[in-house]
Amino acid sequence: MKTTYREAIRAAIRDAMQRDERVFLMGEDVGRYGGGFAVSLGLLEEFGPRRIRDTPLSEAGFVGAGIGAALGGMRPIVEIMTVNFSLLALDQIVNNAATLLHMSGGQFNVPIVIRMTTGGGRQLAAQHSHSLEGWIAHIPGLRVLAPATLEDARGMLWTALEDPDPVLIFEHGSLYNVAGELADDAGAVDTDTAAVRRAGADVSLITYGGTLPTVLEAAEALANDDIDAEVLDLRTLRPLDDDAIVATVEKTHRAVVIDEGWRSGGISAELSARITENAFFDLDAPVARVCSEEVPVPYAKHLERAALPSVERIVAAAREAVGARG
Amino acid sequence: MTEDETAQAIAADPEHVRGLLRQMLRVRRLEEECVELYSASKIRGFLHVYIGEEAVAAGVMSVLAADDAVVATYREHGHALLRGVPATAIMAEMYGHAEGCCRGRGGSMHLFDAGTRFYGGNAIVAGGLPLAVGLALADKMAGRHRVTVCFFGEGAVAEGEFHESLNLAALWDLPVLFCCENNLYAMGTALERSESQTDIALKAAVYEVSAWAVDGMDVLAVEEAARRAVDAVRGGGGPHFLELRTYRFRAHSMFDPERYREKAEVERWMKRDPIVLLRSALEASGALSSDQWEALEQEVAAEVRDAVAFAEAGTLEPVEELTRFVYSERSPR
Ligand SMILES: Cc1ncc(C[n+]2csc(CCOP(=O)(O)OP(=O)(O)O)c2C)c(N)n1
C-alpha cells in the first residue's frame with residue numbers, strides 16, 4: 001500500500017482507537033482543525049469529540065490531565081504541537097509522569113503516550129525548529145521513541161500504548177510527507193531495539209529520526225567513493241540499544257554519530273561515551289560527531305542549512321574516520 | 001457556624017461530632033510527634049506540618065466515598081492519615097523505611113496509597129491540579145460517578161497550572177472538587193503581596209466554577225460545605241471550589257525563622273484553634289466529659305506510639321533495590 005508517514009501515524013491512531021475503548025487523543029487543534037500537522041485529520045468525524053478532544057492552549061494543563069487520566073485507567077494519546085511547546089509542560093512530564101511510579105514505591109504507573117513534532121529544516125526559526133528529544137532522553141522513567149520510517153510511524157504507537165509507563169514519541173516535521181510502500185498488514189513493532197538500515201563494512205553512521213534519510217543519502221554518496229557505510233537507526237533514544245551500538249562498531253571499527261541536537265551535552269555525547277566505554281578496543285579511529293551548530297536554529301534558508309547536519313558534513317566526517325581514502 | 005448551629009449539629013449527632021474531633025486530634029498529635037522526631041534527626045528532608053489547619057482535611061475527608069480520589073500537596077500527612085493510610089505506614093515512610101507507604105522512595109512530601117486512591121503528595125506547587133483534572137476526566141469518560149478532590153495552598157493560585165486546570169475542569173464539566181487551603185502565607189509571602197485580587201473564590205468563579213469561601217477553622221462548617229459541594233459534583237454539577245480560610249500555626253517547614261509575620265497575629269489565630277473550638281463546643285453541649293476527652297487523648301497517643309514503634313522497628317530497603325520502580329515490573333494493564 002502506498003502511504004505517507006503522516007497517514008501511517010493516523011492509521012496507527014485509528015487502529016488504537018478501534019482496538020481499545022480506553023484510548024483517546026487530546027491536544028491543541030487535534031479535532032476540528034485536523035491537527036497542527038494534519039495527522040489527526042478526519043478522526044473527529046470518525047470518533048467524535050469525546051475521544052478526539054480539542055484542548056485550550058494549556059500545555060501543562062492538558063499534559064497533566066493526560067497523566068491523571070492514565071492514572072485513572074484511560075490510555076491517553078496526548079499530542080503536543082511541537083517539542084518547543086512541550087517546554088510549558090515539562091513540569092508535568094518530568095516531575096509527575098517520570099516520577100510517580102518511583103515515588104509511590106511502585107503503586108502508580110502512568111500509561112500515557114505523548115506525541116510531538118520535533119526538528120528543523122522548514123525555515124521556522126528558533127522557536128519551532130529545535131531537537132530536544134535528547135534532553136528528554138536524559139530522564140529515567142520515560143521511554144523515548146523516534147520513528148524514522150513508515151513501518152515505525154505505523155507500528156510504534158500501539159506498542160507505546162501497551163507500555164505501562166510514559167512513552168514520548170518524537171515525529172520529525174520533515175518526515176510527515178515522506179511517501180512509500182507499507183505492507184497492508186503492517187502493525188505493531190518493537191520499541192526496544194535499534195535497526196541496521198543499510199549494512200556496511202567500513203564505517204558506522206549512527207543516527208535516528210528525521211536525520212535518517214540524510215544519512216542514507218550520505219551513505220550512497222560514500223558508496224560512490226568505495227566507502228561501505230553501515231547505517232544504524234537507533235529508533236529508541238531511551239533506553240538505548242547498547243548491544244546494537246557495540247555490534248556495529250565491532251563490525252566497522254569506526255563510528256560517526258549524526259544528531260540534529262546540539263553537540264554540547266547532547267545525546268551524541270552520550271553515544272560517544274558509550275562507544276568508548278563498551279567498544280573502545282574495537283575502534284580504529286576516534287568517534288566523530290555531526291550535530292547542529294551551536295546556535296538557535298536561524299530562519300534564513302542558507303543559514304538553517306548550514307546549521308543542521310548535511311550530506312556533505314556527514315560524508316566528510318565519515319571519510320576522515322576511514323582515513324581520507326578516495 | 002453560629003453557636004446555635006454548632007449546638008444543633010452536636011445535639012443531632014454527638015457521636016459523629018466527637019468523631020471529627022478525634023480525627024483532628026489524630027493529625028495534631030501525629031504531627032507534634034513528627035516535629036519531635038525531626039529534631040531528633042529520625043525524620044529528615046523537608047517536613048511541613050499542618051498544625052492549625054486540621055479542620056480542613058477532617059471536614060472534607062469525612063464526606064468522601066471509598067472510591068473517590070484525593071490529590072494533595074507536600075503538607076499532606078493529615079490528608080493521608082484521614083483518607084485512611086495507616087499512621088504506621090506514614091511514619092515508616094518518613095523514616096525512609098521499606099515498610100513505609102512508598103517503600104522509602106517518597107518521604108514526608110510524597111505519601112501515596114493506591115488502596116485509598118491517594119494520589120500524593122506533590123512537592124511542585126500546583127503540580128497536582130492537572131492530575132486531579134485528568135483523574136476526573138477518566139471517571140467522566142468511563143461513566144463513573146466518583147469525585148476527585150484536590151487540595152492545594154493559596155500560593156498555587158498564582159501558578160499557570162491553577163488557571164489551566166480550573167478552565168479545563170469547567171470547560172469539560174468534570175467531577176473535581178478544588179479545595180484551596182488559604183492559610184494566608186506561601187512560605188513568607190502574604191496573599192496580598194502575591195495576588196492583585198485576593199478574593200480567591202471570586203477567581204474560581206470567573207472560570208464558571210461554583211465557588212465559595214468557608215471558615216476553615218470550623219470543622220462543622222467545612223464538613224457541611226464539603227458535603228454540599230461533593231454531592232453537587234457527584235450529581236453531575238461539574239467542578240466546585242472551596243476556599244477554606246485557615247492558618248498555619250507553625251513555621252512553613254522546619255527551616256523557617258518566621259520573619260514575615262507577627263507573633264501577635266499567630267496568637268490571635270491560635271485562639272481559633274479548630275480542636276479547642278470544637279472541644280469547647282462539645283463540652284458546652286454536655287457531649288464530651290473530661291473522661292471521654294482523656295480516653296480520646298489516650299487512644300490517639302497509643303496510635304502515635306504504635307506508629308513510632310512500627311517505624312523504629314522498620315528496615316532499610318536493600319540498596320540492591322535502588323533502581324526498582326523506575327519502570328513497571330508488572331505486565332501491561
Ligand atoms: C513550582 C514551585 N515553586 C516553588 C516551590 C517552593 N515552595 C514550596 S512550598 C511554597 C509555598 C506554597 O504556599 P501555599 O501554596 O500557600 O501552600 P502552604 O505551604 O501554605 O500550605 C513554595 C514557594 C515549589 N515547591 N514549587
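In this predicted model, B:Arg103 is partly exposed, because its relative accessibility is 27%. Its side chain meets that of B:Glu321 in a salt bridge, with an N to O distance of 3.7 Å. B:Arg103 sits in the loop between α5 (87-94) and α6 of chain B, and B:Glu321 in the segment after α13 (290-312), so the contact ties together parts that are 218 residues apart in sequence. The pair belongs to a network built from salt bridges that share partners. Its members are B:Arg103, B:Arg105, B:Glu317, B:Glu321, B:Arg324 and B:Glu329.

Over all chains, the structure holds 43 salt bridges. One of them joins A:Asp163 and A:Arg143, whose closest N and O atoms are 3.1 Å apart. This pair links distant parts of the chain, 20 residues apart. A:Asp163 lies in the loop between α8 (150-162) and β7 (167-172) of chain A, whereas A:Arg143 lies in strand β6 (residues 143-145). Both residues, A:Asp163 and A:Arg143, are buried.

A further salt bridge is found within a helix of chain A. A:Arg274 and A:Glu270 both lie in α11 (residues 267-279), 4 residues apart, or about one turn of the helix. The closest N and O atoms of A:Arg274 and A:Glu270 are 2.6 Å apart. A:Arg274 counts as partly exposed because its relative accessibility is 23%. A:Glu270 is also partly exposed, with a relative accessible area of 33%.

The cysteines were examined next. The sulfur of B:Cys102 has its closest cysteine sulfur in B:Cys101, at 4.1 Å. That is too far for a bond, because a disulfide requires sulfur atoms within 2.5 Å. B:Cys179 is likewise in no disulfide. For B:Cys179, the nearest cysteine sulfur is that of B:Cys150, 8.2 Å away. B:Cys102 is buried, with a relative accessible area of 0%. B:Cys179 is buried as well, and its relative accessible area is 0%.

B:Cys179 and B:Glu154 are 25 residues apart along the chain, and their C-alpha atoms are separated by 9.6 Å. B:Glu154 is placed in the loop between β2 and α7 (160-171) of chain B. The residue counts as buried because its relative accessibility is 3%. Burial extends over a whole helix in α3 (residues 54-61) of chain B, where 8 of the 8 residues are buried. This helix is therefore largely enclosed by the rest of the structure. The buried residues of α3(B) are B:Glu54, B:Ala55, B:Val56, B:Ala57, B:Ala58, B:Gly59, B:Val60 and B:Met61.

The largest pocket has a volume of about 590 Å³. Its lining comprises 39 residues. The closest to the pocket centre are B:Tyr74, B:Val125, B:Ala186, B:Met187 and B:His252. Three elements of chain B, namely α6 (128-142), β2 (148-153) and β4 (185-186), each supply at least two lining residues. The largest share of this lining comes from β2(B), with 4 residues.

The largest cavity contains about 60 Å³ of space. Its lining is formed by A:Ile9, A:Arg115, A:Pro147, A:Asp152, A:Ala153, A:Met156, A:Leu157, A:Ile169 and A:Glu171. α8 and β7 of chain A each supply at least two of the lining residues. The largest share, 4 residues, comes from α8(A).

On the surface, A:Leu87, A:Leu88 and A:Trp135 form a nonpolar patch. Together, these residues have about 330 Å² of accessible area. A:Leu88 is placed in the loop between α4 (83-86) and α5 (90-97) of chain A. A:Leu88 counts as exposed because its relative accessibility is 54%, the cut-off being over 50%.

Technical notes:
Residues numbered from 1 in each chain as written. Chains lettered and ligands numbered in written order. Predicted model: local features only at pLDDT ≥ 70, side-chain atom pairs only at ≥ 80, totals over all residues. Heavy atoms only, no water. Patch = residues over 30% accessible without salt bridge, like charges linked within 9 Å, V, L, I, M, F, W, Y side chains within 5 Å. Areas by Shrake-Rupley, 256 points an atom, 1.4 Å probe, with all protein chains shown as cover. Salt bridge = Lys/Arg side-chain N within 4 Å of Asp/Glu carboxyl O. Buried < 20%, exposed > 50% of the residue type's maximum accessible area, 1.4 Å probe, protein only. 1 Å grid on protein atoms, 1.4 Å probe; cavity = no way out; pocket = protein on both sides within 12 Å on 5 of 7 lines; lining within 4 Å. Points joined across faces, edges and corners; volume = space filled by probe spheres on them.
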